[in-house]
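User: I have a structure to read and I am new to this. Can you take me through some features?
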Amino acid sequence: MSICLAVDIGGTKMAAALVDCTSQRIIDRHQIVTPKSQQPEIFSAALASLLTPFIASADFVAIASTGIINNGILTALNPANLGGLNRFELVDDVQRITNLPTYAMNDAQAAAWYEFISLTPNNNTHNMLFITISTGIGGGLVLNQQLQTGARGISGHIGHTVVNANGPVCGCGRQGCIEKLASGTAIGELGSALFKHPYNGHQVYQLALDGNKDAISIIHSSAAAVAELIANLTISLDLDAVVIGGSVGLAPHYCKYIQQYLNEKPELYRPRIISAQAGGDAGLLGAAHWFARQESHT
Ligand code: BMX
Ligand code: ZN
């Protein structure tokens with residue numbers, strides 16, 4: 001029986017879990033707040049405190065992380081999501097902390113893989129997109145039933161497609177990315193500007209749930225932008241299904257709003273919309289499953 005120490009590094013929280021590779025069940029799980037600092041030492045210290053209690057029980061480490069992951073190095077496409085940190089030697093650092101074989105991939109790619117293998121078998125899903133709407137907006141593509149990671153790890157970074165060419169400049173340097181307009185961070189920024197009070201995305205979402213009309217309209221614009229993105233990608237890639245995850249994506253009503261905006265479009269633009277079955281654990285379980293296959297060949 002092989003035990004994986006799965007790690008999910010997001011812009012807001014970092015989670016670690018022991019996953020039994022045979023049953024694919026989480027045995028133990030812990031999470032901390034992601035440090036917001038440009039300094040790699042601070043990021044590394046947070047990782048060490050999170051991982052240390054689990055090391056003795058694990059055979060290998062599988063990481064799902066925000067950012068572009070190429071050759072084990074994390075490069076932030078949007079450094080603002082990580083407090084300005086833009087380059088981190090993730091695999092080397094975690095290997096040094098744990099002394100275990102360590103592998104890493106992008107968080108949304110990992111979640112896409114788990115959600116794809118969780119779809120009911122024989123359901124004829126060939127092309128699937130996973131979208132996380134959270135601190136940022138990330139994506140993972142499964143085309144012809146194969147997860148696309150890309151030669152440079154970039155595949156699936158749909159949060160940086162433009163929805164308003166005259167929109168605000170995104171942390172990636174491009175103007176009008178959907179991440180700058182519709183992510184949890186964007187929801188917080190839009191609410192703060194409107195209500196003239198510093199709010200995060202979660203607080204603005206709560207205001208919407210409490211019935212505040214302006215907050216509701218911010219959430220609706222986010223869902224409408226995501227629906228537009230889904231329609232664009234469906235007609236480009238012939239998507240059968242789109243799985244929605246992330247703290248905003250899984251928040252009450254959000255998925256339903258996406259569906260409502262998609263329903264206004266012609267049929268060819270409307271794939272099946274599914275809420276992430278593994279909820280917030282899709283990244284952890286996806287990385288564990290993806291790299292357990294690799295581990296079994298070593
Ligand atoms: C950003 C980008 C993606 C990530 C997505 C969701 C960085 C640091 N991250 O677009 O790699 O998949 O956010 O990340 O550039 P999360 O932190 O919201 O889960
Ligand atoms: Zn961008």
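Predicted model: local features only at pLDDT ≥ 70, side-chain atom pairs only at ≥ 80, totals over all residues.

User: How far is the nearest cysteine sulfur from that of cysteine 4?

Analyst: A disulfide needs two cysteine sulfur atoms within 2.5 Å. For cysteine 4, the nearest sulfur belongs to cysteine 21, 5.2 Å away. Cysteine 4 is in no disulfide.

User: Is cysteine 4 buried or exposed?

Analyst: Buried means under 20% relative accessible area. Cysteine 4 has 0%, so it is buried. Cysteine 172 has 25%, so it counts as partly exposed.

User: Now helices. At what angle do H5 and H7 pack?

Analyst: Angles over 145 degrees count as roughly antiparallel. H5 (residues 184-195) and H7 (residues 213-237) pack at about 150°, with axes 10 Å apart. Therefore H5 is roughly antiparallel to H7. Their crossing is right-handed.

User: Which residues make that contact?

Analyst: H5 gives Ile187, Leu190, Gly191, Leu194 and Phe195. H7 gives Asp214, Ala215, Ile218, Ile219 and Ser222. By class, the contact of H5 with H7 has seven nonpolar, two polar and one charged residues.

User: How do H7 and H8 cross?

Analyst: The axes of H7 and H8 (residues 254-263) come within 8 Å and cross at roughly 55°. That makes H7 oblique to H8. This crossing is right-handed.

User: Which residues meet there?

Analyst: Among them are Ile219, Ala223 and Ile230 of H7, and Tyr254, Tyr257 and Leu262 of H8. The contact of H7 with H8 divides into 12 nonpolar, three polar and no charged residues.

Conventions. Residues numbered from 1 in each chain as written. Chains lettered and ligands numbered in written order. Heavy atoms only, no water. Axes fitted to C-alpha atoms, helices over the stretch in contact; angles between N-to-C directions. Helix = DSSP H or I, 4+ residues; strand = E, 2+ residues; numbered from the N terminus. Parallel < 35°, antiparallel > 145°, perpendicular 65-115°, else oblique. Left-handed = near helix turned anticlockwise from the far one by under 90°. Contact = heavy atoms within 4.5 Å. Nonpolar A, V, L, I, M, F, W, Y, C, P; charged D, E, K, R; others polar. Buried < 20%, exposed > 50% of the residue type's maximum accessible area, 1.4 Å probe, protein only.
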